[in-house]
Amino acid sequence: MNSKPESADIPDSPRQEPRLPPGQVLTSKWPVLHYGQIPQVDLDHWDFVVDGLVEPAGRWSWREFQALPRVEVRSDIHCVTRWSRYDNRWQGVSLAEIFRRAVPKPEARFAIVHAEQGYTTNLPISELMHDDVLLADKHDGEALAPEHGWPLRLVVPRRYFWKSAKWVRRIELVAADRPGFWEQNGYHNAADPWREERFSDW
Ligand SMILES: Nc1nc2c(c(=O)[nH]1)N[C@H]1C(S)=C(S)[C@@H](COP(=O)(O)O)O[C@H]1N2
Ligand SMILES: [Mo]
């Protein structure tokens, strides 16, 4: 594990070699990128749902979600538009924790992640089980900014950042993969930055 002396207690997402994936440029800023508007979210009516091929299904109000066991992970961001940002400190709830409560059925293989306003992205459930994957409500010790996904976003450090849905509300477990918003619009289904899986061939 790669730890820094000033915060050696925070687990790092595993480093790849080289740390900066091919074709990426390092930035210390944090660009804002999304399709559509920043949603207005009312926490009193907010919930997070896990449904589909899962038993039992899961549903958490904001208050219930805040009571779940929490993790902290430090990881790098790699956006398909070629910027990367190192050492983001995320806090929230791991997907492994969620799937201990809403347990995927044996036939469940893929997750369709649903966010506010119809944004979707798809991932194999196995990718969500890594312990650097979480549903984050804090970044570098502060509540997420609305433009970065407040109140809750997915963080999947080993994939290009479009898989890290902002304003996430629901994870649907399915047997057969289904392309999400960008995956239907020419982006690669797998999105591994070290393999430069930016765009699909079809
Ligand atoms: N709900 C939602 N999540 C989204 C997007 C979006 O359009 N809607 N865009 C994705 C893309 S393309 C990127 S690069 C990252 C950007 O996250 P950031 O604005 O926090 O840097 O969010 C991802 N998550
Ligand atoms: Mo993006």
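Predicted model: local features only at pLDDT ≥ 70, side-chain atom pairs only at ≥ 80, totals over all residues.
Local features need pLDDT of at least 70, side-chain atom pairs count only at pLDDT 80 or more, and totals for chains, interfaces and linings use all residues. Residues are numbered from 1 along each chain as written, ligands are numbered from 1 in the order written, and side-chain values use heavy atoms, without hydrogens and water.

**Exercise 1.** Describe the surroundings of ligand 1.

Step 1. The shell has 19 residues, and Pro31, Tyr35, His148, Arg153 and Lys166 are the closest; a residue is near if one of its heavy atoms lies within 4 Å.

Step 2. By class, the shell holds 14 nonpolar, three polar and two charged residues (Ala, Val, Leu, Ile, Met, Phe, Trp, Tyr, Cys and Pro are nonpolar; Asp, Glu, Lys and Arg charged; the others, Gly among them, polar).

Step 3. List polar contacts, pairs of N or O atoms within 3.5 Å. An oxygen atom of ligand 1 lies 2.5 Å from an N or O atom in the side chain of lysine 166. Polar backbone atoms also take part: that of proline 31 is 2.7 Å from a ligand oxygen, and that of tyrosine 35 is 2.7 Å from a ligand oxygen.

Step 4. Alone, ligand 1 exposes 540 Å², of which the protein buries 98% (Shrake-Rupley method, 1.4 Å probe).

**Exercise 2.** Check the overall dimensions of the protein against the globule rule.

Step 1. Apply the rule, 2.2 Å times the number of residues to the power 0.38. For 202 residues a compact globule would have a radius of gyration near 17 Å.

Step 2. The protein has 16 Å, which agrees.

Step 3. Along the principal axes, the C-alpha atoms fill a box of roughly 45 × 40 × 35 Å.

Notes:
Polar contact = N/O pair within 3.5 Å; in protein donor to acceptor, adjacent residues only side chain to side chain.
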